[in-house]
Structures are given as C-alpha cells and as structure tokens.
Amino acid sequence: MQLAELGAGNVAPNPMVGAVLVHDGKIIGEGYHEQYGHAHAEVNCINNVPKQLQHLIKESTLYVSLEPCTHFGKTPPCTDLIIKNHIPNVVIACRDSFEKVNGSGIKKLQDAGVTVITGILEKEALALNKRFFTFHKKQRPYIILKWAQSNDLKIANADHSRVMISNDTSNSLVHKWRSEEAAIMVGTRTALNDNPSLTTRSWPGNDPVRIVIDKNLKIPENFHLLDKNAPTIIINTIKQEEVGMNNYYKVAADENILAVTLNILRQGNLISLIVEGGAFLLQSFIDAGCWDEARIVTNKDLLIEGGISAPVLKNELLLKKDQIFADEISFYQNKIEASTDH
C-alpha cells in the first residue's frame, strides 16, 4: 500500500495499486501503477525481478493491494500475466468493485489453480482508494471541502476582501492536496475577490481541472482562472464554447449547480473534487450532505472581527488534528456518507 500511494495524482481515474513478489520471505520484485494508461502494478513488479532471480517467480507469492484486473483497458489483463508466469500464490488486500472486475480476477486465478487469499488489511486498502470506490459506487466524485479560517471562525474581511490566513508551509501542503485530486472548484465571488490560480505551483505535481461557477461571465479575461494554463470549466448561462483549455459549459439559470457540476465530473471521469470556496458554495455542499471529507486550516493567532463567517459542518466526525506553527489543521469525515461506504 505504501508503493501504491506513490501513484497518487498520476493514475486517476484508475485506482492506486502496489504489488510485491516474495520468495522464501524475501522480496524479489516490487512495483506500483505509476501513470494512467501505463503498465499496472503487477506488470511493473514482475518486470522488476532481477534476471538472475526470475526462475524463482514460479515459486513465489504475489502480494497486491487490489484485485488484479481481467479486462482489456489501456493495458492487457494482469490476471493473464500472473497465470502466464505460473505464480502459485496471490494475496489480495481487497476486491475491486469496478463492474468489469468485481471478483472476476479472483475467480480467474482460482480457476487456473492459483491459491488466492483475500481480505488482508482490507479496511486500509479500501481507504487507500476511497476516491475510486466512491466514484463507482455513488456515481459521483469523492468530495473534499477545504477552507482556512481565523480563530474567531472568519474566512475574509467584511467586504469580502482576501486575508492571508494560513502560513507558507500550510499553503504548500494545500498545493500538495490539489496535486492529488482530479478537479478543484470555486464560486464566482471567490474568483472575483481572490483571483486564484488554483494550480499546484508551490508543489511538484499535476494541476487539477479547474471548475468555476460564473453564471453571467463576470470574471475578467486577464484573471488567473482564464489564463489557459490548466484545463478549466466555466459553468455559465450564456455560452457553450471551447477556447483553448477553457471549456464554457452552458446551463439553464434555474439548474441545480451542484447536480450539474457532479454530472460534468462524472462524465469527464474526474473521480475527486476539492472545493476551496467561497463560504456560500461550501455551505451548499454541506447543506446538501454532498461531501466526504473536510480539511479546515485555523490560524490560532488571527482574529478577523466582523468578517465573513466560515461554513458550518454538519454530521462531521473529527479524524485528526495537525499543527503547523500557528495553523491547526483539522480533518473531518462525513459520518452519514461514511456509513454508506464499503
């Protein structure tokens, strides 16, 4: 699973997968799914075995964090490769609920005479690919809400002008979070007041697809969100058009923006979304119960008297708290959504 995590931000909409080949208690090969459309973990693991040890493959046990695939996608089925290499034992952390797999990999291996053990560290393996499983089970992306607030629970000045709340280290962490998600979203007011880039410029990694609600196309063309440096979807009521990397998506004035957004993400195979503001947009996700995780950065040394109030979570379960200088970072889970997961 540690190997699998190395693929974070690079393999979506595929799951993160790691594999280790063990002979007589010693690792002789390891690999993980490194890039979407490229070789899967099992392939990289087997290819990683040194030439002088390849004769041991047929006497080894393959440990893999997710059920091997049986279908032809971007690459051939991993079950065929396992069988071809006469690997006698396979230990699988969790079953793949994706409709094209969903137990067929386990069955195919067993039918070929492979000894298969499943359910080892299953809870941890399911958590590892929570985005993937949520997307396929609930037909929507895994949704993370994120905001920064002062110690008196304000997110901006009374006139909505921006306040630098979190420190540079926390900001770099936020950019790391962005690199791990497929899409990122803000509302009109945040776009106009903050002129955000919503990129990973402070962290090495891929930029998420930017989604902004701009019903009346008020955002000036010289703003960062329209700079065509990253794929951007502008949800509006005026035009349907693609301009470079900017995709203007026209909706009816009375359409449910949340439903429209989630449908766009589902159609685009974007399996995760981080929502970064503003307060109205964040609260609309909360009120709809449409969120999985929240990450809140609180500057314990900062007060913004009379400022804009932060969103208020509902049905939240505190998972943990971290501290970066004056910034306290709280991680929450939606108790109701979690109860319907695997």
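**Figure 1. Salt bridges in the predicted model.** The structure holds 16 salt bridges, and the model shown here and in the following views is predicted. Lys176 counts as partly exposed because its relative accessibility is 28%, a value between the limits of 20% and 50%. Glu180, at 21% relative accessibility, also falls between these limits and therefore counts as partly exposed.

**Figure 2. The salt bridge between Arg178 and Glu276.** The closest N and O atoms of Arg178 and Glu276 are 2.9 Å apart. Arg178 belongs to helix H7 (residues 168–179), whereas Glu276 sits in the loop between strand S13 (272–275) and helix H10 (279–287), so the pair ties together parts that are 98 residues apart in sequence. Arg178 and Glu276 are both buried.

Figure 3. A salt bridge links the side chains of Glu293 and Arg295, at 2.7 Å from N to O. Both residues, Glu293 and Arg295, are buried. One network, joined by salt bridges that share partners, consists of Lys138, Arg140, Asp292 and Glu337.

**Figure 4. The open sheet of 5 strands.** The strand order is S2-S1-S3-S4-S5, and the pairing is mixed. Strand S2 (26–32) and strand S5 (115–118) are the edge strands, each pairing on one side only. From one strand to the next, the twist averages 15 degrees. Helix H4 (residues 104–111) lies across strand S4 (89–92) and S5, and runs at about 150 degrees to S5.

Figure 5. Strands of a sheet pair through backbone hydrogen bonds, either parallel or antiparallel. Strand S1 (residues 18–23) runs antiparallel to S2 and is joined to S2 by 6 bridges. Within this pairing, Ala19 stands opposite Gly31 in S2. S1 is also joined to strand S3 (residues 61–64), by 4 bridges and in the antiparallel sense. Here Leu21 stands opposite Leu62 in S3. S3 and S4, in turn, run parallel and are joined by 4 bridges. In S4, Asn89 stands opposite Thr61.

**Figure 6. The surroundings of Cys78.** Cys78 lies in helix H3 (residues 78–84). Its relative accessibility is 1%, which is under the 20% limit, so Cys78 counts as buried. Apart from its neighbours within four places in sequence, Cys78 is in contact with His40, Glu42, Val43, Pro68 and Cys69. Ser309 is 231 residues from Cys78 along the chain, and the C-alpha atoms of the two residues are separated by 51 Å.

**Figure 7. A nonpolar patch on the surface.** The patch is formed by Met1, Ile117, Ile120 and Leu121, which together have about 330 Å² of accessible area. One of these residues, Ile120, is found in the loop between S5 and helix H5 (122–128).

**Figure 8. The open sheet of 10 strands.** The strands follow the order S11-S12-S10-S9-S8-S13-S6-S14-S17-S16, with mixed pairing. At the edges are strand S11 (241–243) and strand S16 (316–324), each of which pairs on one side only. The twist in this sheet averages 20 degrees from one strand to the next. Strand S6 (residues 142–150) pairs with strand S14 (residues 293–299) in the parallel sense, over 7 bridges. Ala148 has Val297 as its bridge partner in S14.

Figure 9. Helix H9 (residues 257–267) lies across S6, strand S8 (183–186), strand S9 (209–213), strand S10 (232–236), strand S12 (246–250) and S13. The angle at which H9 runs to S10 is about 150 degrees. H10 lies across S6, S8, S9 and S13, and its angle to S6 is about 130 degrees.

Definitions and conventions
Residues are numbered from 1 along each chain as its sequence is written. This is a predicted model: local features need pLDDT of at least 70, side-chain atom pairs count only at pLDDT 80 or more; totals for chains, interfaces and linings use all residues. Side-chain values use heavy atoms; hydrogens and water are left out. A salt bridge is a side-chain nitrogen of Lys or Arg within 4 Å of a carboxyl oxygen of Asp or Glu. Buried means under 20% relative accessible area, exposed over 50%, partly exposed in between (1.4 Å probe, protein chains only). Helices (H or I, at least four residues) and strands (E, at least two) are DSSP runs, numbered from the N terminus. Two strands pair if DSSP finds at least two bridges between them. Axes are lines fitted to C-alpha atoms, for helices over the stretch in contact, and angles run from 0 to 180 degrees between N-to-C directions. Contact means heavy atoms within 4.5 Å. Patches are made of residues with over 30% relative accessible area and no salt bridge: like charges are joined within 9 Å, nonpolar side chains (Val, Leu, Ile, Met, Phe, Trp, Tyr) within 5 Å. Accessible areas come from the Shrake-Rupley method with a 1.4 Å probe; for residues, only the protein chains shown count as cover.
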